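Here are some notes on the model we discussed. Please read them with the structure open.

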Amino acid sequence: MAWTDDQKRAIDARGGRILVSAAAGSGKTAVLVARILERILDEKDPVDVDELLIMTFTRAAASEMKERIQRKIEDMLRETPATSVQYLRLKRQATLVDCARISTIDSFCRTVIVENLDHIDLDPSFMIADQETLSLMREDVMDNLMEEEYEKKSEDFLKLVNGFATSKSDERVRSFIFLIYQEAQSKAWPKKWLDEQVNADIGETIWGEYLKKSLHLVAENILDHIDRAIRYCNEENGPEPYIPLFEAERMMAKNLFEASSVKELQFALDQFEFERLPTVRKGKADEELKNLAKGIRDEYKSVVKDKLKKSFLVEDTRGDEETITTLVRLAKEFGERFQEKKKEKNIVDFNDLEHFALDILWDEGQPSAVAQEYQRQFKEIYIDEYQDSNDVQEELVRAIEKKNVFMVGDVKQSIYGFRQAKPALFMEKFEQFLPYCEQVEGEGRKIVFSKNFRSRSEVLSAVNSVFFQLMRKEFGGILYNDEVALHLGADYQESHSDMSAQLLLLETQEAQVDESNMSLEARMVAKKIQEMMASDFQVFDKEKNRQRKLRYSDIVILLRSQESRADTFMETFLNLGVPAYAQTGKGYFDTYEVQKMLSLLSVIDNPYQDIPMAAFLHSPIANLSDVELANITSVYKKNLPNESALHIYDACQYALENQSTFIELETVKKLQSADDLLCHYRRQAGYMTISELIRKIYEETGFLDYVSAMPAGEVRKGNLYMLLEKAKGYERTGYTGLFHFVRYIENLKEYNNDFGEASTLGEFDDTVRIMTIHKSKGLEFPVVFLCDASKKFNQRDSSDSVVVDADLGIGCDIIDLKRRTKQSSLKKNVIAYKKKNDSMAEELRIFYVALTRAKEKLIVTANVKDVQKAREKKNMVGQENGLSYMQIQGATSYLDWLLMCERSMAMEVIVEGVDGLRQEEEKTQEKSVDIRSVLSSAPKYRDEKLEAVLDYQYPHQIEVDLKTKMSVSELKYIGEDVDDEASESPYVQREERKKKSPVDAAKLGTAYHTAMERLDYGMEANKESIENYFDQLVVEGRIRPQERKYMKEKRLEGFLHSNLGAICKKANLSGNLCRERQFVMGLSAQDLGIAKSEELILVQGMIDAYIEEEDGIILIDYKTDVVKDGKILREKYEKQLDYYQKALEKLTGRNVKERIIWSFALNQAISC
């Protein structure tokens, strides 16, 4: 193989620390293998393969590395004369390679522990627990800790719970404790980090420095923006009257840039005010130059007003110390108890492996004697995927190295922040180390691989054109310049197929209500795949060294997260005839076969569980039908004593003991067989392990064979074998007994520890793969579709009441329980700002990973309501060195970034409408063949049975589309037929309200209903009291801040001062006011006016409030609709109130004498 100059340098380099920055597809694994072989065959200074420590990120990578080295040694042995010195050397390495230290860093830590158990307090027979066991153990420890804290009733704990828990649970407090514990575990010395989190002065802290650095960066960006705007103003026919205002704002930005302390920064930010731009009449300046200058100003104005001022003009009241101290105390206590629990079970997790190894390798800040021995043992240390290392792993390597570390990675592909990966470690060395040619041997040197041997030039051009604009040192970790960009290294044959990179945009503004944007996008992608398959699209076959036709298995669909998206794509693809496969990691417990087995195990343990018992009896093992089960329970119910509870097991025993004429003999035989089976397995459960019992059930009942014969039988069989493996894993943790196993499984379901169905996908299955971007890391595909590019970035971690960062520490809201107020601390806002920036930077790197998976064809797809508006909003004029930090930071999705780069990116943009997809579907439907017409043309067609089948009309067709349950809100729209164009809307138009509310009207209405449900009628009816009440609802988590912002105190004040408010207050005092009454009632479809059918439909709803008086009931319904007068509400909601009245009269047995709608918008009660 011909190496590039940089690859050759990496193979030949000797002495000192070496960092290789290897871009995507640059052949780093091949270089690593070649370097290792060169080292073991080096004539001057050879090393044995077992004198090298090679650490990879995954077990699969370690296994592949070892196999490659073995294969290369074997190949060289065959080519080397048996009498040569090199042959003997190779022979020795072939023997040693099996015991070579090629593993993940976790495996290396385990080896260190096993070899030095005498240095730590750990039983030699320890086991590594799986995540399911650990999550259940964590919940148990947390339950006990919280229970004891409640019993102690310590003031600090009760303040914490009252301030941060909701009224329904303390789950948020638990999550904050675990969050802090988890962050501490990513540090080399967790207890030390936790101790450092208490007490720190603002100006001297790390977070204070970060604030100054961040605001200086933004100020610098603003100055650049203003300079550009002034240049536009100074151009011929430019808007010169804007210049004085821009100069004034430039001075304010300069003050912000030059501020040297947090207080000065806050003062400069506070003084940064925006006056109205002077009017430049039409014709006095070029409109395009005016819009450009205005657009630039709007960008930085939005950043200053909406982000910086809101986040950082916060009075630092330092009221968070007590909360942080309490959380740290609880996190320490949790950690100690969790560690003790693991020790009791003799299990460890991966964090334990690393920290135990650290304890062995470090002694009072110096490498221990054990570490020094490893230093002597390992001639060189290799670290693959170095960009994903963290602080703990860095300390481990530091203890055993002696300037002999060879690190390979690519900071642009660091995408494991959720595992506490720290790309800054890579960048520190990348900036410190000099290029290989400039540094003397023995010192830190860096080598950059920029040639890409994976992708076609079209893919590389697309990737480079996007990331030259987007990736910055401050945003992504590295400046994307010519040094680190992707350069063509692959030698592809010229193809007649269209290999241009594409951005497919689906415009959804014409979509129907019942069409989800995701399913429409999936249809667009399926259509594109079908077109490529039908058009003789060619890809290069490396093994055969020639072009060949595209297969489905050449295609991958990449998604940022699977959630329900993978299922949508799967279902859509399969419906349209595109074979697809996705391993979702969910749904295991919902599968038929697993549910039946778990039901059987549950009733073996305890037959008095009605749902599992019914599932077992209805399974193919017991084989009772619905009718048989109904007969058994009905016969027992007739003879059931009044005080007895109905259990299916008792009903079955009754049927066996009192064989009734109402129960058939065949049913009794099935029951007896099922009962014998349960008794048999219950006896065996007393002395068998769970895995032995499950295997016994599989063998004796034939259930495994049964599910194998079902559709997708191999997957179902795999699911049952997975259950067997989980039982074995459960037993290895030291737990025993069927009862505990059943509880273990129930807890896994409760805490969402699903496994996903077993995979039976083979290497050669011709099917489209659907996977997340994270799972695609390290893989490559001829054709890549990056879908759902308009999905919004997840920023939830930065918006919680407590935020934690490994570098800046812990920040939290300041809650005053007496005043019932909540505000963010300055520290919390700084940490939240950093976490958001870090998250966005990681999203950029994930985006890079996704685009660089493509070998030959790259297609990005997204759905957007209005393409033109999206383009106008995000299409920006980049600077010479790319988009600005503020512009990049303003994105909310991958699509935003692409649209920002549209003017310069090497991607063809194709817009498709929903109508085009519908036309394609109609064409497909037109191709459907009428079976009768086909049969009529065939000889001897006449067949009476076949005619009867074809002529059959389902007698209950009218009931096929009926819903079994409907809400009152759904029912109120039935029968309405409004022509929006022909009728004048009775509602206040958006234009009349001048400004469109950014909050969803339905969610705002729900917020008002929540406020009414919990309203204290004894509170003072003034603005201040109501404002505090609304704020407290936010603190309690009952309403969201987004809705609170648009809730008007005067609306609730108006209600409290009204006659209806007085009536409600009086009824509340006497206990006659009932609020939020839920109901479910059954009505026929005929009565509901849906269809001419007596089919029963469940109607569910929620009555806002009603008052019981001596002569009847007053029914009250709250409405937040913005309307012109009360008549409109009366007409719209009359049917809804009819249902409420009917339900209320059934529930109470009393008449409704009055029905009132309270309109918050009109501030009046409307009789209905």
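Which strands does helix α1 lie across, and at what angle does the helix run to β11?

1. This is a predicted model. Helix α1 (residues 5-12) lies across β1 (18-22), β9 and β11 (445-449). Its direction is at about 140° to β11.

2. Helix α2 (residues 28-40) also packs on the sheet. It touches β1, β2 (52-56), β8, β9 and β11. The angle between the directions of α2 and β8 is about 170°.

3. Now the sheet itself. It is open and has 7 strands, ordered β3-β2-β8-β9-β1-β11-β10. The pairing is parallel. At the edges stand β3 (101-104) and β10 (434-435). Each has a single partner strand, so one side of each has no neighbour in the sheet.

4. I381 has V405 in β9 as its bridge partner.

5. Next, the nonpolar cores. The largest has 147 residues. L361, F467, F847 and W897 have the most contacts inside it. Helix α10 (residues 206-234) gives the most to this core, with 14 residues. In general, nonpolar side chains tend to be buried together in soluble globular proteins.

6. What does F847 touch, leaving out residues up to four places away in sequence? The list is V466, F467, L470, L786, Y894, W897 and L898. Another core, of 53 residues, lies apart from the largest one. Among its members are M613, A651, L723 and A727.

Key
Residues are numbered from 1 along each chain as its sequence is written. This is a predicted model: local features need pLDDT of at least 70, side-chain atom pairs count only at pLDDT 80 or more; totals for chains, interfaces and linings use all residues. Side-chain values use heavy atoms; hydrogens and water are left out. A nonpolar core is a set of buried Ala, Val, Leu, Ile, Met, Phe, Trp, Tyr and Cys residues joined through side-chain atoms within 4.5 Å. Buried means under 20% relative accessible area, exposed over 50%, partly exposed in between (1.4 Å probe, protein chains only). Helices (H or I, at least four residues) and strands (E, at least two) are DSSP runs, numbered from the N terminus. Contact means heavy atoms within 4.5 Å. Two strands pair if DSSP finds at least two bridges between them. Axes are lines fitted to C-alpha atoms, for helices over the stretch in contact, and angles run from 0 to 180 degrees between N-to-C directions.
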